[in-house]
Amino acid sequence: MTIRYFKYTFSYLALALSVCILACNKQLDLSPTDSIIDPGRTFRTVNDLNGGLLGAYSGLTYNTIYSISLITDECTLPSENGTGGGVATYRWQIDPSSTTITGSFGEYYIAIDRANRVLGAMGAVTTKGDEEAALKDQYRGEALALRAYCHFQLLQSYAEAYDPAAMGVPYMDTAVNSFPSRNTFGEVVAAIEKDLQLAKTLVPADLEDNTRITLPAISAIQARVALYAKEWDNAVTYATEAIDALPLASAADFPGIWKDTKESEVIWKLKQVAGSNDDLIGSVYFDRDVALYVPSFELINLFDKVHDVRYPAYIKFDDTRGAGNSQYLVNKYAGTSGSLGLADIKLFRTGEMYLIRAEALAEKNQTGNGGDDLNALRAARISGYTPQTFASKDALITALYTERFKELAFEGQRLFDLRRRGMSVTRNPEDAVNALGAVLLKPGQKGYVFPIPDAETKANKNMKQNPGY
């Protein structure tokens, strides 16, 4: 596949790469006139490849989580939010110039560009001994998997539809300055799957650092991709690989996942470090003493507040905040009192793998086995849970969607789940007090599929906009 790159974004991609690699304490031989990063001059050793790869990882943020929280029914806008941040997106006043909703577009392509530059340098970097050769293979595998992951994230947000012939996004397997058109959803999925399959042969089994892409992380990415591609057998296979590698967290350990004191069932996460408040995922939901976005009552009321370990881990109830302020807060990324809002971003967890496998089994008309997975997840989260029997495939899928809403709340999945089934975003009246009528977002309306950024379509005549914009 011949892949091209965006003329408009290319220069800032190169700059972002240079800044990021320098931040990783890698000494680069770049002259002031360099407008393009030359892999042959930048990457001379295996250690340089690692520096570039870390730069690619560092390009990932919470942009998708932020936009999904605002646009769906998992959050509501409290009256105390006087900053205006993201309010237009929350009210579905969305167009191609809406940077809140389109911010992830540039983010993922920057990370892809960085990964491609590392991959492009592989052939010129020589190794000394078996250890360096193995590390070089590992870094190649990680870069391929990271490239695949970023393309899939782009598909979730910007694909016209999750159908093989629908417009997807440009799949880039090299960093080239040109004017790309959009590959189909099916073409992008095929390229993602190819990258992941190769990556799986390169990443070593003994890599256990969950801030990098390990073999279980590759399986988890493959499982999510297979779910969207409706490849049910593959979804079962890959989800099982991830589940076998990392079992579900115990009820005792589960709260510690969100305080970053436990690593149970965390397959892959983005490590966050202290910095400005704007760099922290918690800043999406609160700004010191001000709640910016809070859990919806629709979501709150789904939980067994007494027996479900997820409820206090995800949602904080505080009736001392004063009149006019929300008593409910997002607790998932609260951090600690010393580092408010500082929390690692969990990209893949074993809980999601149970839900993927259960849904795929339901689609294979194996309702009993799928129900067993759902019951196993619930039993791990809810004390005293009594297993249920699901009379039909539809009954199980309905239950799974409710469980996904709870289990994956504030993890950037809700809108994409609704899109997979062609379901509308609906807000309950009590969650829409400040929504200015934004209570029903149907397929085909602005915001249901994210727009390609206005800057991209203006700069690239081959970049088609999504319908409705």
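Biologist: Which element gives the most to the lining of the largest cavity?

Modeller: A cavity is a set of points on a 1 Å grid over the protein atoms alone where a 1.4 Å probe fits but cannot get out, and lining residues have an atom within 4 Å of a point. Here β10 gives the most, with three residues; strands are DSSP runs of E with at least two residues, helices runs of H or I with at least four, numbered from the N terminus. This is a predicted model, in which local features need pLDDT of at least 70 and side-chain atom pairs pLDDT 80 or more, while totals for chains, interfaces and linings use all residues. Residues are numbered from 1 along each chain, and side-chain values use heavy atoms, without hydrogens and water.

Biologist: Which residues lie nearest the centre of the largest cavity?

Modeller: Of its 14 lining residues, I65, Y149, Q153, L347 and E411 lie nearest the centre. The elements giving two or more residues to this lining are α4 (63-71), α7 and β10 (345-349).

Biologist: Is α7 mostly covered or mostly uncovered?

Modeller: Buried means under 20% relative accessible area with a 1.4 Å probe, protein chains only. In α7, 21 of the 30 residues are buried, so the helix is mostly covered. Helix α7 spans residues 129-158.

Methods: The expected span of a helix is 1.5 Å times one less than its number of residues. Buried means under 20% relative accessible area, exposed over 50%, partly exposed in between (1.4 Å probe, protein chains only). On a 1 Å grid over the protein atoms alone, a cavity is a set of points where a 1.4 Å probe fits but cannot get out, and a pocket is an open set with protein on both sides within 12 Å along at least five of seven lines; lining residues have an atom within 4 Å of a point.
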